[in-house]
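Please keep the sequence and the 3D view open as you read.

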Amino acid sequence: MKVAFVDLKAQYHSIQQEIDQAIAAVVADCAFIGGKYAASFEEAFAAFVGREHCVGVANGTDALFTAMKSLGLGHGDAVITAANTFIATAEAITQTGAEVVFVDNDPLYYNLDLDQVEAAITPRTRAIVPVHLYGQPCDMDRLMAIAHKHDLLVIEDAAQAHGARWRDRTAGTFGDCACYSFYPGKNLGAYGDAGCVVTDSDELAAFIRSHCNHGRHDTLVHGIEGINSRLDGLQAAVLAVKLRHLEAWTEARITAAARYSDGLAGVCVTPAVHPDVRHVFHLYVIRVANRDQVRQHLQAAGVQTGVHYLKALPYLAAYERLGHGASDFPVAHSFQDEILSLPMHGDLTEAQIDHVIASVREIAHLPEN
Ligand SMILES: *Cc1c(COP(=O)(O)O)cnc(C)c1O
């Protein structure tokens, strides 16, 4: 039996007619950059998240970069984020000219360890970028309290958390703004690159829209030098179709995750879900002592897996300049050799999930910690 890590073909076949029609409409209108399809998706996504504005951009990394740039972050500033996240989070911070400051992940929920954030704050700290990693929101009540106490900006990296909730609020509604990626493999994925920033601030939304369109105002006057990072019409039309199915796919992910966790209890560390969250399982990540062996065994059984991430950011050559060692981020450092992402998407069948469970059970050993 084959089990794909993400099955974009199965998803396409389930909505083929709607997608084909949507793409044909954009082509017929030649509404390729911005335009009515982008505007209507932006409106729908802002309503989905529960924010005043959604500004579509070319990808999630640009969403983070333009958000931070538009909030005035740059040289001389320090920005705190998690040691274990996708490199895009840190890249965007560096791109503004600010310095990235890593904080370890908490050992239970894998998000930024809020017990350690305050110790990392210095007079240069201007912002925190919490990442709702794997689809599980951070404790945003506590994080926002820390941010308010120290007068820090908060930019949520919600690239893995479309539709996730902390208590009764959608992740992405807490910070000054939140950034989403619509990379094809994300919970809401385009047919190419796309991303967005959501915010309640009229001023910030207008600045981001201008910054991402060469600093242009309505009048074709360029007040500032910006960048070219715009949402294209084809991606917007695909996203608008897929947004209508997102809740059903998210529920399917949550159901699949529950089946995995039942079947895998006792043989590996299954994801801990905070009682106050809706975890949308962008990734279903287990921890095992013999990760590489389990991975090979699963591959031989037809099961595709991933590792998110092979090395925590401070241990990548890209961040060698910061001079970090294993003891600086003990959780991220020890977990990087134990984590394994199992197949997760909205079209997994029970038979596929059970095949993955059986294959893991044949070989997995519990980590000691
Ligand atoms: C995917 C992702 C991004 C970047 O998104 P792109 O669209 O690939 O640029 C940023 N942060 C996190 C946590 C991500 O998973």
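Let us begin at the ligand, where an N or O atom in the side chain of Thr61 sits 2.5 Å from one of the ligand's oxygen atoms. This is a polar contact, that is, a pair of N or O atoms within 3.5 Å. The model is a predicted one, in which local features need pLDDT of at least 70 and side-chain atom pairs count only at pLDDT 80 or more, while totals for chains, interfaces and linings use all residues. Residues are numbered from 1 along each chain as its sequence is written, and side-chain values use heavy atoms, with hydrogens and water left out.

| Residue | Protein atom | Distance to a ligand oxygen |
|---|---|---|
| Thr61 | side-chain N or O | 2.5 Å |
| Gly60 | backbone N or O | 2.8 Å |
| Gln160 | polar side-chain atom | 2.8 Å |

Taken alone, the ligand exposes 380 Å², and the protein buries 92% of that area (Shrake-Rupley method, 1.4 Å probe). The space that the ligand takes is the largest pocket. A pocket here is an open set of points on a 1 Å grid over the protein atoms alone, with protein on both sides within 12 Å along at least five of seven lines; a molecule sits in one if more than half of its atoms lie within 2 Å of its grid points.

Which residues come nearest to the ligand? Of the 14 around it, they are Gly60, Thr61, Asp157, Ser181 and Lys186, where being near takes a heavy atom within 4 Å. By class, the shell has 5 nonpolar, 7 polar and 2 charged residues, with Gly counted as polar. Both α4 (60-70) and α5 (87-95) supply at least two shell residues, and α4 gives the most, with 3 residues. Helices are DSSP runs of H or I with at least four residues, numbered from the N terminus.

Now for some backbone features in the loops. His308 and Tyr309 are joined by a cis peptide bond, with omega about 15°, and Tyr309 belongs to the loop between α10 (291-300) and α11 (330-335).

Cys30 is not a glycine, yet its phi is positive, at about 50°. Cys30 lies in the loop between α2 (16-29) and α3 (35-49) and counts as exposed because its relative accessibility is 51% (exposed means over 50%, buried under 20%, partly exposed in between).

His214, also not a glycine, has a positive phi of about 60°. His214 is in the loop between α8 (202-211) and α9 (233-264), and at 31% relative accessibility His214 counts as partly exposed.

How values were computed:
Buried < 20%, exposed > 50% of the residue type's maximum accessible area, 1.4 Å probe, protein only. Polar contact = N/O pair within 3.5 Å; in protein donor to acceptor, adjacent residues only side chain to side chain. 1 Å grid on protein atoms, 1.4 Å probe; cavity = no way out; pocket = protein on both sides within 12 Å on 5 of 7 lines; lining within 4 Å.
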